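Try each task before reading its solution.

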Amino acid sequence: MNPISDFIFVQTQAIKESFRSLKHLPMLALHIFIYAVVHTGIAMLLVFTGIAWGFMGGVLLYLVRAMLFSHLLYTMEGIIETDRFYLKHIKEGFTRYLSPVINTFFLYYIFTMLLDAILGTGSYQPMVYLLLELLLYWACSAFGETIYIGKIFGYNSAMSGLNFVFENPLNWGFVNILFFGLGYFLRLDLNLISSFPGQISIANPVGNLIYLVLISALLIYRGHLYKLLHRSSIRGREYQRRHGE
């Protein structure tokens with residue numbers, strides 16, 4: 001199968017699977033909204049108590065963010081792997097993937113520090129910054145899926161996610177560049193690693209709804225796309241396409 005035929009086949013299959021999962025989109029969007037509310041509430045509480053400005057406050061907020069992201073991945077696991085939510089195991093999600101998430105967040109922080117070092121503190125061209133932001137988004141785009149679908153933990157999850165991007169430049173890399181462009185056009189940060197738990201504003205309910213629906217649909221699509229690419233080879237997909245399976 002040539003790359004273009006494989007691309008069309010893979011994206012078509014991912015779209016079909018995503019449509020089957022759209023019934024979960026409202027609940028997923030609600031989850032993401034609650035994550036943002038919880039994170040904001042805890043941040044305000046830390047400010048009120050005076051803890052937010054110290055080292056301890058930063059660590060606590062970092063841990064809360066990691067626990068919420070772990071729960072998001074656990075929620076996504078239910079949607080992509082079993083087509084259901086684990087409502088009765090809701091507490092488990094906060095610690096299910098906590099360790100790899102903390103490692104991933106830290107590695108992303110290192111990447112952003114390197115980006116700042118490249119740009120320096122002086123003047124720079126906005127286009128250069130945009131291209132570097134795109135590169136960072138592209139390189140880290142499979143981190144979450146590598147954890148909850150690939151079941152690769154520790155710092156290996158981040159490195160495996162990076163390898164996955166390089167191994168699937170068209171089916172995954174190109175598609176995520178398009179997602180980045182869509183977010184840039186709509187002025188929404190679709191990079192969950194950097195923006196989680198999301199862009200929620202009381203003053204902009206319509207914008208909130210657009211963001212929640214878009215990021216939820218994106219997560220569902222990327223989950224099915226990663227699952228398909230991770231568990232198949234181009235030869236296997238060629239056989240499947242030829243035999244209509």
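**Exercise 1. Find how far apart the mean positions of the positive and negative charges of the chain are.**

Solution. This is a predicted model. Start with the counts: the chain has 17 positive and 13 negative charges. Then take the mean position of each group.

**Exercise 2. List the secondary structure of the chain in sequence order.**

Solution. Count the elements: 12 helices and 0 strands. Now read along the sequence. The pattern is α-α-α-α-α-α-α-α-α-α-α-α.

**Exercise 3. Decide what radius of gyration a compact globule of 245 residues would have, and compare the chain with it.**

Solution. Next, look at the box filled by the C-alpha atoms. Along the principal axes, the box is roughly 65 × 50 × 35 Å.

**Exercise 4. Work out what share of the residues is buried and what share of the accessible surface belongs to carbon and sulfur atoms.**

Solution. Buried means under 20% relative accessible area. By that cut-off, 45% of the 245 residues count as buried. The accessible surface comes to about 13,200 Å². Carbon and sulfur atoms hold 69% of this surface.

**Exercise 5. Identify the residues that touch the most other members of the largest nonpolar core.**

Solution. The core has 63 residues. Phe69, Leu72 and Met76 touch the most other members. Helix α11 (residues 205-230) gives the largest share of this core, 11 residues. Now follow Leu72. Beyond its neighbours within four places in sequence, Leu72 contacts Leu28, Ile32, Tyr35, Leu192, Phe196 and Leu219.

Note on methods. Residues numbered from 1 in each chain as written. Predicted model: local features only at pLDDT ≥ 70, side-chain atom pairs only at ≥ 80, totals over all residues. Heavy atoms only, no water. Helix = DSSP H or I, 4+ residues; strand = E, 2+ residues; numbered from the N terminus. Rg over C-alpha atoms; globule rule 2.2 N^0.38 Å. Buried < 20%, exposed > 50% of the residue type's maximum accessible area, 1.4 Å probe, protein only. Areas by Shrake-Rupley, 256 points an atom, 1.4 Å probe, with all protein chains shown as cover. Lys, Arg positive; Asp, Glu negative; His and termini not counted. Charge placed at Lys NZ, Arg CZ, Asp CG, Glu CD. Core = buried A, V, L, I, M, F, W, Y, C linked by side-chain atoms within 4.5 Å. Contact = heavy atoms within 4.5 Å.
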